[in-house]
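Please consult the sequence and the model alongside the text.

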Amino acid sequence: MKITNKNLQGFIIKIIGALVIAWSLSGCSADDVEGFFDLTPSLRTPPNDISAVPIYSSDGGAADDESKTEETVIPEEAENAPTDEAALYKTPDISSFTNYSNMWVKKYTGEYEKNEKTAYLTFDDGPSENTEAILKILKDNNVKATFFVLPDNGETCARRLRAVAEEGHVIGVHSYTHNYLTVYADENAFIDDFARAYDIIVNATNKKPWLYRFPGGSVNQYNRGCRDKIKEALDKRGFEYYDWNVDSDDWRGLSAEKLCENVAADASRFNNPVILMHDTDTRDNTVAALDKIIKDLKDQGYKFAPLTQQTEPIQYGVNW
Ligand SMILES: [Zn+2]
């Protein structure tokens, strides 16, 4: 018997519905039910093959849904449910978008990876004159990282973005203006700014970003009135945001030695440190410290990975 995505979704919805009814009959509160729908980790199923995360074309079309689902066999029993990775990615309600109709991504709804001692290096505000040096150090150490970029329309920027992507690093949206008063005027202003950065990334790399980082972090004094609306608007389009749990403090202009000490000490408190650093023209000490930062963390037993849709986000005010 063959199924379509719709059939499979219907099947999963029925299973979830049955579980919710059973649960509610057993006396759980409304909050519990809400938590249930909030995709509690215990109910998520991880994909077997992370490399199977779909890549999307810049026109907003998802790759090859038809060919993937044609051969899938419908399970007779819940316990025989196939690990159909496509079913873990939810397509947004595209018809609800009044603007930027191609700016969306399928949202991952499966379980987050459980990674032992994995560090996530993140570089904000690039690309810059230091991007090439950062890429060289990452390559020499066989480390993949994540870049939350602040792109412009120039060819130099496009070339650097392509270099980042071609080296296998992940690119997320940070901002176009990085001007707090502009981007946090309201959620529409944020989306407009986001879209400008997003388009540059897509045009330069031919890859659609699926993640972003708020300028100044998700909780800051400028976005109090609109942060929830921004999150909601981008969540509807499938985007995920990442804050950080380790700040290298490189933006303070500290020495390279001090940066190494900061990161080694702070990261050691976490199984999955998400480390904030900066890729800007003036942050030479970040470049000077990077090789030792990586080697110190390797000595502590960490491996490195870029953020993926299976990486549980650090989100201020949510789980941090
Ligand atoms: Zn920034």
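In which loop is Lys 117 found? Lys 117 is found in the loop between S2 and S3. The model is a predicted one, in which local features need pLDDT of at least 70 and side-chain atom pairs count only at pLDDT 80 or more, while totals for chains, interfaces and linings use all residues. Residues are numbered from 1 along each chain as its sequence is written, and side-chain values use heavy atoms, with hydrogens and water left out.

**Overall architecture**

- The protein chain comprises 10 helices and 10 strands; helices (H or I, at least four residues) and strands (E, at least two) are DSSP runs, numbered from the N terminus.
- Of its 320 residues, 47% count as buried, where buried means under 20% relative accessible area, exposed over 50%, and partly exposed in between (1.4 Å probe, protein chains only).
- Among contacts between residues at least 6 apart in sequence, 77% join residues at least 24 apart; contact means heavy atoms within 4.5 Å.

**Backbone features in loops**

- Lys 117 has a positive phi of about 35° although it is not a glycine, and it counts as partly exposed because its relative accessibility is 30%.
- Tyr 100, in the loop between strand S1 (89–90) and strand S2 (107–108), is likewise a non-glycine residue with a positive phi, here of about 45°.
- With a relative accessibility of 30%, Tyr 100 counts as partly exposed.
- The peptide bond from Gly 126 to Pro 127 is cis, with omega near 0°; Pro 127 belongs to the loop between strand S3 (118–124) and helix H4 (131–140).
- Asp 186 occupies the loop between helix H6 (180–183) and H7 and is partly exposed, its relative accessible area being 33%.
- Although 44 residues separate Asp 186 and Ile 230 in sequence, their C-alpha atoms are 8.0 Å apart in space.

**Strand pairing and burial**

- In a regular strand the side chains alternate between the two faces of the sheet.
- Strand S9 (residues 274–278) is largely enclosed by the rest of the structure, because 5 of its 5 residues are buried.
- Both faces of S9 are covered, with Val 274, Leu 276 and His 278 buried on one side and Ile 275 and Met 277 buried on the other.
- S9 pairs with S3 in the parallel sense over 5 bridges; two strands pair if DSSP finds at least two bridges between them.
- Within the S9 pairings, Leu 276 is the bridge partner of Thr 122, and Ile 275 is the bridge partner of Val 246.
- Strand S8 (residues 246–247) also pairs with S9 in the parallel sense, over 2 bridges.
- Strand S5 (residues 170–173) has both faces covered: Val 170 and Gly 172 are buried on one side, Ile 171 and Val 173 on the other.
- S5 and strand S4 (residues 146–149) form a parallel pair over 4 bridges, in which Phe 148 stands opposite Gly 172.

**Nonpolar core**

- In soluble globular proteins, nonpolar side chains tend to be buried together.
- A nonpolar core is a set of buried Ala, Val, Leu, Ile, Met, Phe, Trp, Tyr and Cys residues joined through side-chain atoms within 4.5 Å.
- The largest such core has 69 residues, and Leu 121 and Leu 138 have the most contacts inside it.
- Helix H7 (residues 187–205) supplies the largest share of this core, 10 residues.
- Beyond its neighbours within four places in sequence, Leu 121 is in contact with residues including Leu 138, Val 143, Ile 275, Met 277 and Phe 304.

**Packing of H9 against H10**

- The axes of helix H9 (residues 256–267) and helix H10 (residues 284–299) come within 8 Å and cross at roughly 35°; axes are lines fitted to C-alpha atoms, for helices over the stretch in contact, and angles run from 0 to 180 degrees between N-to-C directions.
- The crossing is right-handed, that is, the near helix is turned clockwise from the far one by less than a right angle.
- Among the residues that meet are Leu 259, Cys 260 and Val 263 in H9, and Ala 289, Ile 293 and Leu 297 in H10.
- By class, this contact has 10 nonpolar, 2 polar and 2 charged residues; Ala, Val, Leu, Ile, Met, Phe, Trp, Tyr, Cys and Pro count as nonpolar, Asp, Glu, Lys and Arg as charged, and the others, Gly among them, as polar.
- Ala 264 is in helix H9 and, at 18% relative accessibility, counts as buried.
- Not counting residues up to four places away in sequence, Ala 264 touches Asp 296 and Gln 300.
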